[in-house]
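Good morning, and thank you for making time for this presentation. Please look at the model on the screen while I describe some of its features.

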Amino acid sequence: MRAELLAGVLLLLACRCARTLDLQEAPEKPVVAAKRRLSLQSAGEIQSCLVSSGDVGCGTFQCFSNSSCDIHGLHHICLTLLHHAGRYDSQGKSFVKEALRCMAVGLRQRFSCVSRRCSAVRELVFTLQRECYSKHQLCLALRDHMDTMGSLVQFQLLFPPGPYVELMNVLLNCGDQVKSWVGRRLRAQCQQHWGALCSSFSGACSANQSDAAPQLTAAPATTQLWTERDGPRRPATAAGPEER
């Protein structure tokens, strides 16, 4: 999974020809049942934690930190946003306060209504991220505070895939300026860890991008980074002449 996501992220950063990292429909690996579904005890502990947590602070997000579904990142995202809240203007401070509250309330209200399947719990988290970040105008808050938000745009935080990847999905839809900024940051960080590998993807994608340029203008606004059918994931590429 790590290698597949790495390949997808590298293609995204090199080409900047995709809008989202589609992880919501990822097939679950054939692992033990505890990894595919919350145990009754774990679900009960999360529900109890959510009930006792408040709207303010990061307590609600910490409820998921040690769950058997391996949903990591929510608590750290909250802590990071609060830690840097003083650097934002009024618009940014409003986003931090209201977006975190929106997610906390949503998790408390909806968690008991979803199944214990890990895929359902993850989809709940990702849906709330999209709803709350959009409702409280993350893109507008980010416009004058890219450097501050940069503490959350970290390549190593994309593994394992989860809330950080969904945050990147939202940022990639904040316009070309933000999209390029995210790409530059992640590409530079990737090159620190896998320098030659990042460069090889960049060169391969440049050739594909020039060949496929006419088709990109007619593509949907949201282009998935990889396709997924019955087989393993593979990066989505422009169709060759024989496939058109």
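Predicted model: local features only at pLDDT ≥ 70, side-chain atom pairs only at ≥ 80, totals over all residues.

Helix H6 passes helix H7 in a right-handed crossing. Helix H6 covers residues 90-110 and helix H7 covers residues 118-135. Their axes lie 9 Å apart, and the two helices pack at an angle of about 145°.

Which residues of H6 meet H7? From H6 they are Phe95, Ala99, Cys102, Met103, Gly106, Leu107 and Arg110. On the side of H7, the partners are Leu124, Val125, Thr127, Leu128, Gln129, Glu131, Cys132 and Tyr133.

Let me now turn to the chain as a whole. Its secondary structure amounts to 11 helices and 2 strands. Read from the N terminus, the order of elements is α-α-α-α-α-α-α-α-α-α-α-β-β. The protein chain has 244 residues, and buried residues account for 45% of them. Its accessible surface is about 12,600 Å², and carbon and sulfur atoms contribute 52% of that area. Consider next the contacts between residues at least 6 apart in sequence: 72% of these join residues at least 24 apart.

The next topic is the aromatic rings. How many aromatic pairs are counted in the model? The count is 5. In one of them, the rings of phenylalanine 155 and phenylalanine 159 have centres 5.5 Å apart. Their planes stand at 70°, and because planes over 60 degrees apart count as edge-to-face, this pair is edge-to-face.

Is phenylalanine 155 buried or exposed? Its relative accessibility is 1%, and buried means under 20%, so phenylalanine 155 counts as buried. Phenylalanine 159, at 13% relative accessibility, also counts as buried.

Phenylalanine 159 has a further partner, tryptophan 194: the ring centres are 6.5 Å apart and the planes are at 80°, so this pair too is edge-to-face. The pair links distant parts of the chain, 35 residues apart. Phenylalanine 159 sits in the loop between helix H9 (146-149) and helix H10 (163-171), whereas tryptophan 194 belongs to helix H11 (residues 176-216). With a relative accessible area of 26%, tryptophan 194 is partly exposed. Together, Phe155, Phe159 and Trp194 form one aromatic cluster.

Helix H11 also holds glycine 183. Glycine 183 has a relative accessible area of 3% and is buried. Between the C-alpha atoms of glycine 183 and leucine 172 there are 8.8 Å, and the two residues are 11 residues apart along the chain.

Finally, I would draw your attention to histidine 75. Where is histidine 75 placed? It lies in helix H5, which spans residues 74-83. Histidine 75 has a relative accessibility of 19%; the limit for buried is under 20%, so histidine 75 counts as buried. Which residues is histidine 75 in contact with, leaving aside its neighbours within four places in sequence? They are Cys58, Phe61, Gln62 and Ser65.

Thank you for your attention.

Notes:
Residues numbered from 1 in each chain as written. Heavy atoms only, no water. Axes fitted to C-alpha atoms, helices over the stretch in contact; angles between N-to-C directions. Helix = DSSP H or I, 4+ residues; strand = E, 2+ residues; numbered from the N terminus. Left-handed = near helix turned anticlockwise from the far one by under 90°. Contact = heavy atoms within 4.5 Å. Buried < 20%, exposed > 50% of the residue type's maximum accessible area, 1.4 Å probe, protein only. Areas by Shrake-Rupley, 256 points an atom, 1.4 Å probe, with all protein chains shown as cover. Phe/Tyr/Trp six-rings, centres within 6.5 Å; stacked < 30°, edge-to-face > 60°.
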